[in-house]
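Thanks for passing this one along. Please have a look at the sequence and the model first, and then read my comments beside them.

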Amino acid sequence: MSTVDRLSVLKTYKLFVGGKFPRSESGRVYEVTDSKGNWLANAPLSSRKDARDAVVAARKAFGAWSGATAYNRGQILYRVAEMLEGRRDQFTAEVADAEGLSKAKAAAQVDAAIDRWVWYAGWTDKVAQIVGGANPVAGPFFNVSSPEPTGVVAVLAPQESSFLGLVSVIAPVIATGNTAVVIASERAPLPALSLGEVLATSDLPGGVVNLLSGRTAELAVPLAAHQDVNAVDLAGADAELARELEIGAADNLKRVFRPRSVDFSAEPGTDRLTAFLETKTVWHPTGSLGAGGSSY
Amino acid sequence: MAFEYAPAPESRSVVEIASSYGLFIDGEFREASDGKVFKSVSPSSEEVLSEVAQASAEDVDAAVKAARKAFEKWSTLPGSERAKYLFRIARIIQERSRELAVLETLDNGKPIRETRDADLPLVAAHFFYYAGWADKLSYAGFGPNPRPLGVAGQVIPWNFPLLMLAWKIAPALAAGNTVVLKPAETTPLSALFFADICRQAGLPKGVVNILTGDGSTGAALVAHEGIDKVAFTGSTAVGKQIARTVAGTDKKLTLELGGKGANIVFDDAPIDQAVEGIVNGIFFNQGQVCCAGSRLLVQESIQDELLDALKRRMSTLRVGDPLDKNTDIGAINSAEQLARITALADSGEAEGAERWAPACELPSHGYWFAPTLFTGVTQAHRIAREEIFGPVLSVLTFRTPAEAVAKANNSQYGLSAGIWTEKGSRMLAVADKLRAGVVWANTFNKFDPTSPFGGYKESGFGREGGRHGLEAYLAPSSPEGERK
């Protein structure tokens with residue numbers, strides 16, 4: 001047989017919404033290139049309607065996900081790490097293309113992203129133990145404060161760090177029981193869209209993470225103003241867009257995590273984890289057994 | 001009437017037990033230095049399951065040295081890498097949980113329903129939980145620069161062999177310590193299987209060392225100069241002996257000892273739920289539980305109603321083959337323990353309490369004791385004061401909440417207590433006054449890796465589980481923490 005170079009099969013990149021992989025309802029795509037301008041793929045150019053659909057999916061998933069045990073959520077986040085480890089080479093290639101990195105540097109980004117899922121898998125059942133607790137009120141009351149997830153969080157993924165940055169902003173949001181609508185890096189959305197394939201096979205319920213590609217500003221503006229979104233992480237917004245989105249977010253007093261420069265290779269701390277939590281304090285009278293009580 | 005059940009035995013074929021096992025030291029199995037061995041017997045059949053090595057003082061020394069050597073690297077690994085080892089262990093335990101459940105039931109005598117649905121899920125969860133702490137120690141509230149202690153010598157009991165191993169090893173390793181662990185003489189096998197799990201997980205050699213043996217091995221371990229920490233779960237008498245052994249040293253000590261838990265039922269309690277809780281409290285694991293609700297304190301006005309319901313429920317308990325999936329109560333762990341339960345139950349009768357047990361056919365081989373209830377018990381009776389560690393419930397009555405608290409606290413122990421009432425403020429008021437480390441309200445015998453467990457008074461000190469459980473394996477956070 002003659003040797004002919006085999007033509008590879010290209011992947012059609014799709015959105016990840018409600019656990020499914022739809023195209024943009026608008027039918028639009030845009031060209032994604034590597035750092036040298038070579039064509040990589042056509043990514044869906046999501047519309048405002050896609051963003052609204054994603055919010056509906058995220059809201060629908062919130063009840064079960066926030067009601068799951070922290071242990072269960074931890075198991076699932078760890079499962080994401082396991083699944084990613086098996087696709088390490090794929091993501092290394094995608095990150096190398098997306099960010100113009102050497103294979104070794106891209107692999108380091110992917111390894112750090114896998115370990116980040118593990119880091120947050122461990123936080124699911126510990127965050128309440130460091131930010132919650134019993135309060136010694138001056139009276140006969142049992143008084144306990146516990147963190148609860150705030151709800152649906154719109155996440156503008158970092159524009160530069162297409163994968164490690166992306167994971168670093170998604171994982172803390174869902175670890176505590178929130179659900180997320182994520183806008184991928186505008187220029188480099190492919191690692192994010194591939195992450196959807198990992199999440200879909202990690203026992204993560206559909207709708208907990210929804211991934212959109214497209215123009216960040218076009219999608220972020222309606223999300224920041226959306227009345228059924230509870231919070232927004234502005235990691236991927238520039239200063240001007242951030243200000244506009246914060247104004248939009250003020251309408252229903254969304255919790256806002258402002259953009260800041262972050263070294264995603266460093267240990268993340270707990271800022272992003274606690275940013276999307278509400279604190280609930282419960283009072284209950286302790287009653288009295290009368291004078292004396294036990295002297296034992 | 002009692003329902004007839006067809007036998008529903010869990011298959012033994014899932015587990016392969018070798019005819020003999022060595023000591024697990026420095027990542028390898030080896031025979032005891034003096035070649036001594038002892039047998040592990042299945043308490044439900046008296047069948048010899050395997051022969052295991054009896055570790056000598058020389059073996060203890062070798063294991064401590066291996067752990068000390070491994071400590072250098074293990075303690076300086078990034079926490080995130082230690083975490084990943086522990087996550088691996090947790091996952092392998094999940095994968096092998098049916099095998100381990102059957103093994104534990106064979107070696108311990110407890111029902112497969114419990115090993116499968118309680119022990120093993122909790123074991124895996126415990127490793128999973130502490131895995132997550134390994135790279136988050138600075139958030140745990142024990143100072144900005146938490147440091148491990150060094151080598152931990154750990155001695156565990158036979159009632160929850162693998163679970164007690166998990167409670168000891170998971171936090172120790174997460175905090176950066178290395179361990180030498182001695183499982184109980186009558187239940188050594190699951191710890192030896194755990195050694196194999198460490199191999200599968202690629203755990204560096206010497207980080208976990210398993211020494212099988214009797215009390216002399218445990219005594220040599222806690223007395224060894226090369227360890228920095230002693231963690232013991234077992235009887236109060238041995239706990240006191242260990243406290244004397246480590247006196248004058250810098251070894252950090254945590255003890256989880258006996259109990260005589262009061263299960264307090266108020267007149268407004270939901271009776272059916274309370275009966276289930278009482279049964280669970282004293283007959284779970286044949287009552288061989290340090291936190292068992294072994295004293296039932298019932299409000300006088302509902303005594304007859306509650307006891308009638310309790311006796312009806314006890315009559316439906318199925319005692320027999322622990323591998324049968326319908327079995328509620330399995331075998332007592334050893335002939336020695338059976339003799340102790342028998343003697344204490346006899347003392348109850350001799351001291352004037354009224355004994356009752358449902359009609360119950362016990363197997364002809366193995367060690368068995370029918371679920372038993374004593375009424376007319378006074379606080380002075382031995383069965384109200386001493387830990388029986390068997391399926392024997394002592395019933396006392398009270399009239400007021402204050403009296404219930406006084407009676408509940410009238411014990412050398414202070415490990416657990418239960419409160420049954422629909423009134424939240426009463427529940428909290430009583431819980432507030434109880435001198436016990438764990439108080440269950442309208443439930444009993446609930447365990448979770450996130451929830452600290454441990455006792456007041458002579459039930460020991462230190463907590464296992466939760467954020468609190470880390471403290472036992474961390475060096476003092478203040479610089480002046482060293483002993484003078």
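My points follow, running from the whole chain down to single residues.

1. **Ground rules.** This is a predicted model, in which local features need pLDDT of at least 70 and side-chain atom pairs count only at pLDDT 80 or more, while totals for chains, interfaces and linings use all residues. Residues are numbered from 1 along each chain as its sequence is written, and chains are lettered from A and ligands numbered from 1 in the order in which they are written.

2. **Overall build of chain B.** Chain B contains 14 helices and 20 strands; helices (H or I, at least four residues) and strands (E, at least two) are DSSP runs numbered from the N terminus. Along the principal axes, its C-alpha atoms fill a box of roughly 65 × 50 × 35 Å.

3. **Burial and contacts.** In chain B, 58% of the 484 residues count as buried. Here a residue is buried if 20 or more other C-beta atoms lie within 10 Å of its own, exposed if 12 or fewer, and partly exposed in between, with C-beta atoms placed from the backbone. Among contacts in chain B between residues at least 6 apart in sequence, 73% join residues at least 24 apart; a contact needs the C-beta atoms, placed from the backbone, to lie within 7 Å.

4. **Two domains in chain B.** The assignment gives domain 1 (12-257 + 459-481) and domain 2 (262-449) of chain B, with bounds that come from an automatic or database domain assignment. Their C-alpha centres lie 30 Å apart. Domain 1 of chain B puts 24 residues into the contact and domain 2 of chain B puts in 25 residues. On the domain 1 side, α3 (97-108) and α4 (112-133) of chain B each supply at least two residues, and α4(B) gives the most, with seven residues.

5. **The contact between the chains.** Chain B brings 30 residues to the contact and chain A brings 26 residues. On the chain B side, the elements giving two or more residues are α2 (79-95), α4, α13 (401-409) and α14 (424-433) of chain B. Of these, α14(B) gives the most, with seven residues.

6. **What the record says.** UniProt, in an unreviewed entry, places "domain: Aldehyde dehydrogenase" at residues 31-475 of chain B. In the model, that span is 40% helix and 17% strand, and its end C-alpha atoms lie 34 Å apart. For chain A, UniProt (again an unreviewed entry) places the feature "domain: Aldehyde dehydrogenase" at residues 26-256; this span is 51% helix and 18% strand, with its end C-alpha atoms 29 Å apart. UniProt positions are given in the numbering used here, feature names are shortened, and annotations may be inferred rather than shown by experiment.

7. **A helix worth a look.** Helix α11 (residues 335-350) of chain B has 16 residues and reaches 22 Å from its first C-alpha to its last, close to the expected 22 Å, the expectation being 1.5 Å times one less than the number of residues. Its buried residues are B:Gln337, B:Ile341, B:Ala345 and B:Gly348. They cover an arc of only 65° around the axis, so they sit on the same side of α11(B); the arc is that of the directions from the helix axis to the C-beta atoms. The cover over them includes β13 (354-356), β14 (372-375), α12 (382-385) and β15 (392-398) of chain B. The face turned away from that buried side carries the exposed residues B:Glu336, B:Ala339, B:Ala343 and B:Ala350. After α11(B) comes B:Gly352, with a positive phi near 110°.

8. **A buried loop residue.** B:Ala134 is found in the loop between α4 and β6 (151-155) of chain B. B:Ala134 is buried, with 26 other C-beta atoms within 10 Å. Beyond its neighbours within four places in sequence, B:Ala134 is in contact with B:Gly79, B:Arg82, B:Ala83, B:Leu86 and B:Ala174.

9. **Backbone angles to check.** Which phi does A:Leu253 have, positive or negative? It is positive, about 50°, although A:Leu253 is not a glycine. A:Leu253 lies in the loop between α9 (239-249) and β9 (255-257) of chain A and is exposed, with 9 other C-beta atoms within 10 Å. B:Asn442 has a positive phi of about 55° although it is not a glycine. B:Asn442 is in the loop between β18 (438-441) and β19 (456-457) of chain B and is partly exposed, with 16 other C-beta atoms within 10 Å.

Methods:
Two residues are in contact if their C-beta atoms, placed from the backbone, lie within 7 Å.
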